[in-house]
Structures are given as structure tokens and as C-alpha cells.
There are 2 protein chains.
Amino acid sequence: MRDVYVVGIGQTEAGEHWDRSLRDLGVDAMLAALQDAGVERADALYVGNMLAGELAAQAHLGTLLADWSGLGNIEAARVEAADASGAAALRMGYLAVASGALDLVLVCGVEKMTDADEESADQAWSYGMDGEYEASQGLSVPAVAGLLMRRYMHEFGVQREAFAPFAVNAHCNGVNNPCAMFRRPISVDAYIGSGMIADPVGMFDVAPLCDGAAAVLLCPGDRADELAAKPVHVRASAVATDRLALHSRADPLSLRAAYMSSQMAYAQAGVGPADIGLFELHDSFSVMAALSLEACGFAQPGHGTDLALDGEIGLRGRIPISTMGGLKARGHPIGATGIYQIVELVKQLRGEAGANQVECSLGMAQSLGGSGATAITHILEA
Amino acid sequence: MRDVYVVGIGQTEAGEHWDRSLRDLGVDAMLAALQDAGVERADALYVGNMLAGELAAQAHLGTLLADWSGLGNIEAARVEAADASGAAALRMGYLAVASGALDLVLVCGVEKMTDADEESADQAWSYGMDGEYEASQGLSVPAVAGLLMRRYMHEFGVQREAFAPFAVNAHCNGVNNPCAMFRRPISVDAYIGSGMIADPVGMFDVAPLCDGAAAVLLCPGDRADELAAKPVHVRASAVATDRLALHSRADPLSLRAAYMSSQMAYAQAGVGPADIGLFELHDSFSVMAALSLEACGFAQPGHGTDLALDGEIGLRGRIPISTMGGLKARGHPIGATGIYQIVELVKQLRGEAGANQVECSLGMAQSLGGSGATAITHILEA
């Protein structure tokens with residue numbers, strides 16, 4: 001297998017884009033990533049997107065974006081794994097470059113949520129769960145997170161307030177990210193006083209669905225130095241899955257897919273949790289942040305919230321998370337999120353994270369699909 | 001790059017399945033492919049599907065099918081490229097095995113069209129075209145084929161009857177395929193007398209949307225002989241794209257993506273059209289069959305229909321096509337079709353095609369997405 005490097009990154013602001021369409025957003029991010037690497041063409045384009053068909057009556061997004069970006073006639077496809085669609089597209093790009101079949105592969109994550117009414121968007125989001133046994137029974141994505149959070153509080157004897165640091169940390173970090181949807185800090189009191197979405201999941205426990213696009217350009221090791229001043233090495237790429245429906249899992253509080261995919265990634269890179277300098281995790285809900293930290297070996301089961309309360313998830317903590325705002329403050333344009341995480345990780349590893357800079361040479365990103373049924377982990381090195 | 005082999009195949013009947021759900025169909029085909037290879041597990045599952053979200057409120061199909069097949073915790077993702085979704089998933093499986101990252105990759109194409117009303121299914125099919133410039137203006141997929149067929153007749157001076165052999169050949173071959181939706185021969189008179197769908201596209205010019213699933217198991221060369229009595233070598237895998245909207249193309253009658261992807265495939269395999277013993281092409285419409293034959297070098301522009309009229313597309317002709325019924329008679333369960341083509345090609349190359357057996361050692365399959373905007377070509381060798 002060939003080594004794979006990230007040599008270009010691009011992103012649009014995450015948020016509500018009333019003047020840019022789905023295809024505009026994708027093309028903006030793609031062209032920015034190409035420009036970052038100083039090239040005008042790629043050999044292939046893989047697009048991570050979950051809901052363009054459901055919300056915008058547009059499938060075939062790989063070919064659409066290859067066409068509209070002027071990349072002309074190149075290989076293209078769309079990859080989907082619910083909320084982990086962006087990371088799933090990156091995985092395919094990684095395999096394509098690693099195989100030797102393709103040299104320059106552009107991977108774009110894009111989602112346009114605000115053109116649909118909020119109810120439609122929420123409903124479509126639930127298509128990532130088991131339609132016949134969960135969504136069709138009235139369960140929404142926040143409702144499943146509510147079940148998980150309630151169970152976590154019961155099982156480990158923690159109060160709702162214990163999750164506040166996840167939201168506070170994310171919003172604090174989002175302030176300095178010009179592409180973040182929310183750039184204002186929030187207080188613990190604001191967290192505690194916020195309205196309920198799906199009790200005990202409050203407004204500040206859930207990442208906002210929004211529009212956005214992010215892109216990365218991949219290349220093999222022998223071209224990395226030519227295309228980037230600071231190429232970033234993809235040291236590991238690993239995917240694992242779990243039972244799709246929450247009720248099918250032996251222990252709902254153990255994210256088995258996250259555990260397995262992080263273990264595979266550690267093995268590929270020959271490292272362990274202690275070697276990871278920052279972790280862009282999938283904080284679609286506060287409870288998912290806690291569970292991811294536990295599944296990936298940064299905290300014992302039931303102690304993810306302690307890690308947060310101890311300040312260890314901050315920029316100067318033991319394992320900084322959501323360093324550019326995370327899903328919570330940057331926003332969660334579903335299929336784009338996995339690529340935003342990589343763009344942010346690359347900025348950190350290049351030393352381009354500004355006021356939020358974390359000193360480290362090895363970082364990890366993890367995307368979850370559904371309620372943790374798909375977990376995709378990448379480890380990157382400066 | 002490692003050599004990649006097909007060592008297992010499985011398929012359900014294509015047609016109207018009122019007693020099997022989307023997930024049932026997928027699992028049936030997947031388990032059949034595993035059983036064919038005599039294994040119980042795979043390292044990954046890639047699912048080709050276009051419309052489960054739009055028609056069944058179910059995304060995240062890779063993980064759903066990995067879960068329901070009992071394959072447990074393996075890597076999974078869904079790949080989409082409109083009508084070429086199955087072939088796009090195969091492409092990803094090919095790259096994964098070729099890279100050395102994964103050994104046994106199961107690729108499943110599945111679609112369930114009949115649970116939605118016919119109008120919804122037809123509308124969702126149009127999401128493979130350019131939504132903002134084609135579908136939203138009222139163009140349906142058959143309407144675009146109608147424009148192409150009318151233009152072909154005008155440009156090359158042929159009558160509608162010249163397309164009859166494509167339908168007659170497909171239905172003749174479908175008779176002997178137990179998995180085909182239509183197993184009755186049709187006459188040229190029936191073709192001529194059939195009702196119009198989108199003039200000049202008649203009922204026998206269009207492949208029927210339906211339910212179905214097909215699966216193949218891929219492995220690297222060093223495991224092929226252990227897993228199959230007659231492993232089939234994937235000699236080439238190539239993807240190219242074109243402008244998505246028909247009106248954007250310089251010459252609508254020249255399928256540039258099909259031309260480019262077949263040329264890349266020929267180059268990879270070191271062969272030319274004359275070496276190909278049979279061609280499972282994408283006869284979603286009669287005119288697409290003619291255009292594919294021309295784009296891939298089997299006929300000069302405007303002479304695809306002559307090749308058919310001369311009987312050269314039959315089982316004993318120069319380039320047999322749709323040997324198990326093609327999309328026209330086997331049926332077109334959209335995201336599954338690309339894998340049905342591979343299953344049928346493997347059956348031919350193994351010598352298991354029964355009354356429809358074509359004597360050859362090298363065959364080609366090509367899937368088209370939208371009105372030819374994506375073309376994915378695979379060349380397989382016995």
C-alpha cells in the first residue's frame with residue numbers, strides 16, 4: 001500500500017447559506033482545496049453527502065460536482081454512511097490513492113439542510129437510524145440521544161450538569177473559527193437553563209443542522225512534498241460498524257464500532273491514546289462526546305464527563321477535543337462534517353489554527369453514523 | 001496493486017417482491033454470494049443503492065445490511081452514482097482489495113422500487129439528472145431518452161423500427177434466465193405496435209423499474225483458487241463522467257463518459273473491442289444500447305442499430321449483449337443493476353449460463369448513470 005497524504009484543504013462557512021446552492025457550496029470547497037495544493041485538476045472526486053436526494057431532489061452528486069467544478073470527465077461517486085458520510089468518502093479516497101490506481105483524489109463533504117423546512121430536515125436525519133424499528137415508531141435522532149443520555153446519567157450516577165463542559169468547550173473554541181456557525185461563548189448557567197429538545201438533551205447538547213461544504217485533496221507519498229509545504233500524513237484509516245438499532249446492542253452505552261475502529265486505527269499507526277495530541281470527535285450530542293472519549297480509550301466507562309469536568313478536553317488539556325468548535329459550535333452539515341473535522345485537524349497539524357493552536361504532531365478524527373452504528377477513525381501526522 | 005478476483009455471486013429474482021423488504025433482498029443476495037464462495041464472513045461490505053432514502057426513508061444501508069446479514073461489526077458504506085450505483089460500489093470494492101487494505105469485500109447492489117407508488121418511483125429516478133435544469137423543468141428520464149432517440153433517428157436517418165432488435169434480443173435471452181422479470185419472447189410486430197411512453201420511446205424501449213438485489217464477493221489473487229473453482233479475474237475497472245445535463249454536452253449522441261471509461265478499461269486490460277466476447281451493456285433504453293455500442297468501439301457512430309439489425313448482438317453474433325435479458329428483460333432495479341450485470345457476466349465466464357451460454361473468456365460490463373453522465377466499465381476474464 002502507498003502512503004497517503006493530505007495536501008490541500010478547503011471549506012465554506014458552516015451555517016445558513018441563503019445565497020449559495022448545494023452545488024455552489026461543494027464547488028467552493030473543492031476549488032479552495034485544489035488551490036491550496038496549487039493544482040487545477042484531480043483524478044477523481046468522491047463526495048460525502050447524506051440527504052441531497054431526500055431534501056433537494058438531487059442524487060448523482062459526484063458527477064454533478066465534477067461537472068460544475070469544471071474538473072471534466074474525471075471519475076466520481078457519492079458515498080453515504082449517514083452522519084459519517086464525509087468520513088466514508090475520505091476512506092474511499094484513501095483506498096484509491098493507497099491502491100496505486102489514482103494519484104490525486106479530491107474528497108468533498110457537502111450538505112444543504114436549510115432549503116427544506118426544519119421538520120423535513122429532522123425527519124430525513126432520522127433515515128440514518130433503523131427505519132422499520134426506530135424512526136417509523138416515532139423515534140427522532142435527538143430522542144435516541146435522549147435515551148442514551150438518560151441511561152448514562154442513571155448508570156453512572158451523574159447529573160445533567162456534568163455534560164455542560166462539552167458545550168462550553170465547543171462554543172469557546174468556535175469563537176476563533178471564522179467558518180464556525182456559532183462564534184459566541186456560552187456559560188454553564190446558559191447550558192443549565194436552556195430549553196429541552198428531548199429531555200435530558202437540551203438545546204446546548206445538540207449540534208445544529210446547517211449548510212456547508214469542506215474538501216481535502218489526497219495524494220501518494222511521492223508527490224506530497226511537491227504539492228504542499230506541510231503535507232499531512234494519513235497514518236491510519238479504519239471503519240467499523242455496530243447493530244444499527246440502539247435496542248439491538250448488548251450495552252447501549254458502549255460504542256462498540258467506535259472502540260473497534262479506534263483500536264484498528266491505533267494498530268495501523270502503531271500508537272495508543274496517550275500518543276494522540278488532539279481528537280476531533282463526533283459531538284453531535286454531548287453524550288456522544290462522552291461515549292466516544294470512553295470508547296477510544298481516553299476515559300474509563302462512565303468517566304467521559306469527569307474528563308470534561310476536569311478541564312482535560314480544553315486546548316491545554318490532556319486531550320483537546322472540538323478544537324475549532326466541533327459539531328456543536330462549528331455546526332453539523334451532516335455529510336460535510338467528516339471532512340470539516342479533517343480540514344480542522346490538518347490546520348492544527350500545519351500550525352495554522354491561530355488562537356486555538358494545539359501543539360501536537362499526531363491527531364485523530366472520528367465520525368459516527370446514526371447513534372454510533374458506523375464509526376470511522378483517521379489518524380493524521382504532521 | 002493486487003489482482004482482484006470475483007469468487008462468489010448471488011442474486012434474487014428481479015421483479016415485484018411483495019413479501020420481501022429492501023433489507024431482506026439485500027441479505028438474500030449477500031448470503032448467496034458468501035455461500036457460493038464457501039465463506040461465512042467478509043472484511044467489508046459496500047452497497048450500491050440509489051433510492052432507499054427517497055423511497056423507503058432508509059439511509060445508512062451499508063451498516064443496515066452488515067447488521068442484518070449477521071456479518072457483525074465489519075466495515076460498511078453505501079455508494080451512489082444514480083443508475084450506475086451498483087457498478088460504483090464494485091469499483092470501491094475493487095480499489096479496497098487492490099490496495100491491500102482488505103481481503104474479502106462483499107459488494108451488494110439492491111433497490112426496492114415497488115413499495116412506492118409508480119409516480120414517486122419515476123420522479124425519484126429523475127434525481128439522477130440535473131435537478132435544477134432538467135427534472136425541475138418537467139423532464140423525466142424516459143423523456144430525455146425520447147429526445148436522444150428522436151435525435152438519433154433524425155441525425156442518422158433511421159426509423160423507429162431499427163431499434164426493435166435490442167428489445168427482441170433482450171426478451172429472447174430473458175426467457176432462459178430464472179432471475180429475469182420478463183421471461184417471454186416478443187416479436188418485432190409487438191415492438192412496433194407497443195404504446196408510447198415518451199415518443200418515440202415505446203413500451204418495449206424502456207427497461208422496467210423493479211425490486212432486486214445481487215452481490216459479488218471479491219478477493220485478492222493469492223486467495224482466489226482457495227475460494228472458487230473458477231475464479232474470475234477483474235482485468236479492468238474504470239470510471240469516467242460527462243456533463244450531467246444533456247443540453248450541456250457538445251454532442252448529445254456521443255457518450256463521452258462511456259467512450260473514455262471503455263478506452264481506459266481496454267488500456268488496463270491491454271485489449272480492444274475485438275477481444276471482448278460479450279458485452280453486458282446498460283440498455284435502460286434501446287437508444288442507450290445503440291449509443292453504448294458506438295461509444296465502446298463496436299460500431300461506428302450511427303451504426304449501432306445496424307449491428308443489431310444484422311443480428312450481431314445475438315448469442316452467436318459478433319458481440320452478444322444483454323445475454324441474460326439485460327436491463328430490458330431481466331429488469332432494472334436501479335442500484336442493483338450494475339451488480340446483476342457482473343453476476344451474469346461471471347456466470348457466462350464460468351460456463352454456467354445454460355441455454356444462453358456464450359463461448360468466450362473475456363467479457364465486459366458497463367453501467368451508465370443518468371443519461372450517460374457516469375460510465376463505469378469492468379472487464380472480466382475467466
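This is a predicted model: local features need pLDDT of at least 70, side-chain atom pairs count only at pLDDT 80 or more; totals for chains, interfaces and linings use all residues.
Chain B can be laid on chain A by a turn of 180 degrees and a shift of 0.0 Å along the axis, with an RMSD of 0.0 Å. This is the relation of a two-fold axis. In chain B, the C-alpha nearest the axis belongs to B:Ser99, at 1.8 Å from it. Of the interface residues of chain B, 100% are also interface residues in chain A, so the copies meet through the same surface.

Within chain A, the packing of helix 4 and helix 14 was examined. Two packed helices are described by the angle between their axes and the distance between the axes. Helix 4 (residues 85–99) of chain A packs against helix 14 (residues 334–350) of chain A at an angle of about 65 degrees, and their axes are 5 Å apart. On the side of helix 4 of chain A, the contact is made by A:Ser85, A:Gly86, A:Ala87 and A:Leu90; helix 14 of chain A contributes A:Gly335, A:Gly338, A:Ile339 and A:Ile342. The residues of this contact divide into four nonpolar and four polar, with no charged residue.

Helix 14 of chain A is also among the elements that cover the buried residues of helix 5 of chain A, which include helix 2 (52–56) and helix 6 (141–156). In helix 5 (residues 118–125) of chain A, the residues A:Ala121, A:Ala124 and A:Trp125 are buried. They cover an arc of only 105 degrees around the axis, which puts them on the same side of helix 5 of chain A. An α-helix has 3.6 residues a turn, so residues three or four places apart point the same way.

Helix 11 (residues 286–295) of chain A is mostly covered, with ten of its ten residues buried. Among them are A:Met288, A:Leu291 and A:Leu293, as well as A:Ser286, A:Ser292 and A:Glu294. Helix 11 of chain A is followed by A:Gly297, whose phi is positive, near 90 degrees.

A:Cys219 is buried, with a relative accessible area of 0%. A:Cys296 is likewise in no disulfide, and the nearest cysteine sulfur, in A:Cys360, is 16 Å away. The relative accessible area of A:Cys296 is 0%, so this residue is buried.

B:Ser361 is located in the loop between helix 14 (334–350) and strand 10 (362–369) of chain B. With a relative accessible area of 41%, B:Ser361 is partly exposed. Its C-alpha atom is separated by 8.8 Å from that of B:Arg350, eleven residues apart along the chain. Leaving aside neighbours within four places in sequence, B:Ser361 is in contact with B:Leu349, B:Leu380, B:Glu381 and B:Ala382. B:Ala382 is in the segment after strand 11 (374–381) of chain B. The C-alpha atoms of B:Ala382 and B:Asp306, 76 residues apart along the chain, are separated by 30 Å.

Note on methods
Residues are numbered from 1 along each chain as its sequence is written. Chains are lettered from A and ligands numbered from 1 in the order in which they are written. Side-chain values use heavy atoms; hydrogens and water are left out. Axes are lines fitted to C-alpha atoms, for helices over the stretch in contact, and angles run from 0 to 180 degrees between N-to-C directions. Helices (H or I, at least four residues) and strands (E, at least two) are DSSP runs, numbered from the N terminus. Contact means heavy atoms within 4.5 Å. Ala, Val, Leu, Ile, Met, Phe, Trp, Tyr, Cys and Pro count as nonpolar, Asp, Glu, Lys and Arg as charged, and the others, Gly among them, as polar. Buried means under 20% relative accessible area, exposed over 50%, partly exposed in between (1.4 Å probe, protein chains only). A disulfide is a pair of cysteine sulfur atoms within 2.5 Å. Copies are superposed by least squares on the C-alpha atoms of residues with pLDDT of at least 70 in both. The arc is that of the directions from the helix axis to the C-beta atoms.
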